[in-house]
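Have a look at it first, and then read the points in order.

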Amino acid sequence: MARSRRFLGFAWLKSGRIMGLLLLGAIIGVAVLAGSVTIMHKTSDSEFCVSCHSMQRPLAEYQGSIHFQNPAGIRAGCADCHVPPQPVDYMLTKMGALKDVVGEISGKIDSEEKYNAHKLSMAESVWKTMKANDSATCRSCHSFEAMDVLAQRPEARKAHPVAIREGQTCIDCHRGVAHILPDMSASNASGATQLISAAAHTPAQATRLYAVVTQPFRLDADSAQTDGTLFPSSEITVIQRNGDQLQARLDGWQQQDVPGALYAAPGKRIMSAVLDERAAERVTRISTQTDSETGQQWHQVALTFWLPKKSLIDDQQKIWQYAAGLMSANCTGCHGLTALDHYNANQWIGVMKGMAPRTALDEEQLRLLTQYAQKHASDMTKTEGSEQ
C-alpha cells in the first residue's frame with residue numbers, strides 16, 4: 001500500500017514537472033515569437049531603414065517624391081514599397097536584407113561616387129523582384145479593381161485599360177516614382193548588344209529582315225562607295241546573298257520634290273532611309289497618291305541595294321522588345337509610360353526630341369525609340385508598316 005502511494009506521488013511529481021516544462025516552453029515560445037515580431041516590425045520602420053549613413057541619399061530622393069508628400073496626406077514608408085506583405089515573401093525579403101547590413105559595414109555605398117556607381121544594379125534588382133511578384137507591394141495600396149479610371153488623368157485613362165487587358169504590372173510603367181532614376185546608359189547599351197547578338201543567329205533562309213541599327217548601304221556589290229543610310233527597324237526583302245553581304249529591296253514612300261528620303265508610310269515622317277543623289281536616281285516608282293489632308297503627292301517606290309547581313313534580324317518583335325525596354329527604363333522618371341497611340345506618327349517626333357535631353361539615350365537609341373513609337377502610333381495600321 002505504501003509502495004503504491006509512493007509510486008502515485010512520483011507519477012504526479014513527474015507529471016507536474018512535464019506540465020511545468022511544457023508551460024515554460026510555451027512561455028519561452030511566446031516570448032521568442034513576440035520578440036521576433038517586434039524585431040521584424042521595428043526593422044521595417046522607415047526611421048530604422050534610413051538610420052544608416054548610406055541611406056541619406058535615397059532618403060532625400062524619397063522625400064522629394066509624391067509617395068512622401070501628396071495632396072491626400074498618405075505616406076508610403078520604405079517597407080510599404082520594399083517588403084512584400086505575403087508571409088513567405090516577407091521572411092525571404094527580411095533575410096535577404098542581411099546583405100544590406102554587410103554592405104553598410106563594408107562601406108559599399110558610403111559615398112556619393114559609390115552610391116551612383118551601384119545605383120543601377122540596385123534599382124534593377126528591385127525592378128526584377130517587383131516584376132516577378134507582380135508588383136505585390138504596389139498592389140497592397142493600388143489595385144486595378146479599386147481604380148476609378150474615368151477620374152484619372154487623360155494618359156492614365158488610356159494606359160490603365162491597356163495594362164489590365166495585357167496583364168501588365170505596375171513596375172512596367174512606373175519607375176522612378178520614389179527615387180530618381182539611375183544613369184541608364186549601361187543598361188541601354190546592354191540591350192543593344194543583346195540585339196546585335198540575336199542578329200548574328202538570323203537564319204540564312206530568312207527573306208524578310210529588319211535593321212537593328214542605322215547602317216550604310218551600297219548600290220553595287222563591288223563598290224566601296226556609300227550610297228545611303230538604312231534606319232533601324234526598316235523592313236527589307238532579301239533578293240540574293242553573297243557571303244557576308246546580301247542584296248535587298250526596300251519598299252517605301254517618297255514625298256514629291258523630296259527625293260533624298262524614303263518613308264515607311266505616305267504622309268508619315270517615319271524615316272526608312274536617307275539617299276544620296278545616285279541612289280535617288282535609282283529609285284523605282286510604283287504608284288502615286290495624294291494626301292487628302294495636305295494635298296501633297298506621295299510616290300510608292302522601291303530601291304535595291306547591298307549591305308552586310310550582320311545587323312539584320314528576322315524577328316521584328318525582338319527590336320520592339322528592346323525599344324519597349326528603352327522606353328520603360330528612360331521615360332518613367334517624371335511620369336508613367338505614355339500610351340503609344342496617344343500621339344500620331346508625326347507628333348511623336350516632337351515629343352521624343354523634347355524628352356530626349358532628360359534621358360540617357362544616345363542618338364542611335366533615340367532614333368530606334370522614335371521608330372517604335374511612330375510605328376505604333378494612333379494613325380498607324382499593320383498595312384502601313386506597324387508589326388504589332
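1. A definition to begin with: on a 1 Å grid over the protein atoms alone, a pocket is an open set of points where a 1.4 Å probe fits, with protein on both sides within 12 Å along at least five of seven lines, and its lining residues have an atom within 4 Å of a point. Grid points are joined across faces, edges and corners, and a volume is the space filled by probe spheres set on the points. The second largest pocket holds about 1200 Å³ of space.

2. Please keep in mind that this is a predicted model, where local features need pLDDT of at least 70 and side-chain atom pairs count only at pLDDT 80 or more, while totals for chains, interfaces and linings use all residues. Residues are numbered from 1 along each chain as its sequence is written, and side-chain values use heavy atoms, leaving out hydrogens and water.

3. The lining of the second largest pocket comprises 19 nonpolar, 12 polar and 9 charged residues. Here Ala, Val, Leu, Ile, Met, Phe, Trp, Tyr, Cys and Pro count as nonpolar, Asp, Glu, Lys and Arg as charged, and the others, Gly among them, as polar.

4. H11 and H13 also pack together: their axes (lines fitted to C-alpha atoms, for helices over the stretch in contact) come within 10 Å and cross at roughly 180°, on a scale from 0 to 180 degrees between N-to-C directions. The two helices are therefore roughly antiparallel (over 145 degrees). In contact (heavy atoms within 4.5 Å) are Asn188, Gly191, Ala192, Leu195 and Ala198 of H11 with Lys318, Ile319, Tyr322, Leu326 and Asn330 of H13. This contact has 6 nonpolar, 3 polar and 1 charged residues.

5. Finally, look at the strands. E8 (residues 284-290) and E9 (residues 297-308) run antiparallel, joined by 6 bridges; strands pair if DSSP finds at least two bridges between them. Arginine 285 stands opposite valine 301. The hairpin has 6 residues between its strands, and glycine 295 in the turn has a positive phi of about 80°.

Technical notes. Helix = DSSP H or I, 4+ residues; strand = E, 2+ residues; numbered from the N terminus. Parallel < 35°, antiparallel > 145°, perpendicular 65-115°, else oblique.
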